[in-house]
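Subject: Structure for your review

Dear colleague,

Please find the structure below, followed by a summary of what was found in it.

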Amino acid sequence: MNWIEKMNMAIIYIEQNITDTLRVEDIAEIVDCSTYHFQRIFACMTGVSLSEYIRRRRMTLAVVDLKNNDMKIIDVALKYGYSSPTSFNRAFQSVHGIAPSLIKSEGVSVKSYSPLSFQVVIKGVESLNFRIETKKAFRVVGISIPLYGDFEGMTEPLKQIWEIANVNGTVQKLISLKDNTTAGLLEVMMPDENSESWRYLISVSTDAPIDDSLEEYIVNSYTWAIFSFGGKTIEETQELGQRVISEWLPTSGYEYDNGPDISVHAVENTQGTILEYWLPIKKAKKK
């Protein structure tokens, strides 16, 4: 079963359990990857976060219940997992722009979001330059923060840790410790196997001793798809990263392995130049 089929199975699972508590871990298990990787894949392929997609589907169905099935607002709220009419009203307005109490008013316009269906789409002919490499385990040192919850909520804390690292001298300290394993600073998103969180590291590869201001992690041995971006800015690289997930991965014959994602930053321009993106991969399982 390939990525496209697995993603469609995940959508079917969501639809079948739309009125129940939907756990990201359960959905990600269908696609055989970590919660972080699933949310990343989903956001890259759809342009919307998983939580927002589920909210839109629930609020689409809520319109039917309120308008055609003549259910009370409190009953519809409870049906879709909202403990109070207030929280349901907030979610409903965020999708439809009106309060649920107005749904039966004549001339009221609402939105409808159908279930997603993933397909392979042929796009432009712009190339992606990559190589496949299997690397031994290596040690990285740096600073990290834990990340929780939805993929879309990670942007601000990542921006903050980079600002702190540049201001307090951490970036320069890491550069002084760097060995020759990689070309520059490493941005590592490492799944935590024992919890629902991830750790985000600004780091370098090194065997040098460190003081208490830094921490160390071992990146295990993986096979990597390494995409060369040739000094693209962070904004340009985000767009290319979306192409890797949405265009390359589904038809590559590989699947996401449950290792970290790694971006290699250029040392001489730590403010926004990325040289490579490393995607941990494994051979796709045959049907």
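On helix H8, the face turned away from the buried side carries the exposed residues Gln172 and Ser176; exposed denotes over 50% relative accessible area, buried under 20%, and partly exposed the range in between, with a 1.4 Å probe and protein chains only. Helices (H or I, at least four residues) and strands (E, at least two) are DSSP runs numbered from the N terminus. This is a predicted model, in which local features need pLDDT of at least 70 and side-chain atom pairs count only at pLDDT 80 or more, while totals for chains, interfaces and linings use all residues. Residues are numbered from 1 along each chain as its sequence is written, and side-chain values use heavy atoms, with hydrogens and water left out.

The buried residues of H8 (170-177) include Thr170, Val171, Leu174 and Leu177. Viewed along the axis of H8, its buried residues fall within an arc of 125°, so they line one face of the helix; the arc is that of the directions from the helix axis to the C-beta atoms. Among the elements covering these residues are strand E2 (138-147), helix H7 (155-167), strand E3 (185-191) and strand E4 (198-205).

Helix H3 is mostly covered, with 10 of its 12 residues buried; among them are Tyr36, His37, Arg40 and Ile41. At 1.5 Å a residue, the 12 residues of H3 should span 16 Å, and its end C-alpha atoms are 16 Å apart, which agrees; the expected span is 1.5 Å times one less than the number of residues. Gly47, whose phi is positive, near 80°, follows H3. Leaving aside neighbours within four places in sequence, Phe38 is in contact (heavy atoms within 4.5 Å) with Met7, Ala10, Ile27, Ala28, Val31, Cys33 and Leu50.

As to aromatic rings, the count comes to 12 aromatic pairs. Rings of Phe, Tyr and Trp (its six-membered ring) pair if their centres lie within 6.5 Å; planes under 30 degrees apart count as stacked, over 60 as edge-to-face and the rest as tilted. Phe138 and Trp278 form an edge-to-face pair, 6.2 Å centre to centre with 75° between the planes. This pair links distant parts of the chain, Phe138 in strand E2 and Trp278 in strand E9 being 140 residues apart. Phe138 is buried at 9% relative accessible area, and Trp278 is buried at 2%. Phe38, Phe42, Tyr53 and Phe118 form one aromatic cluster.

Finally, a search of the whole structure finds zero disulfides (pairs of cysteine sulfur atoms within 2.5 Å). Cys33 is in no disulfide, and the nearest cysteine sulfur, that of Cys44, is 12 Å away. Cys33 counts as buried at 7% relative accessibility, and Cys44 is buried at 15%.

With kind regards
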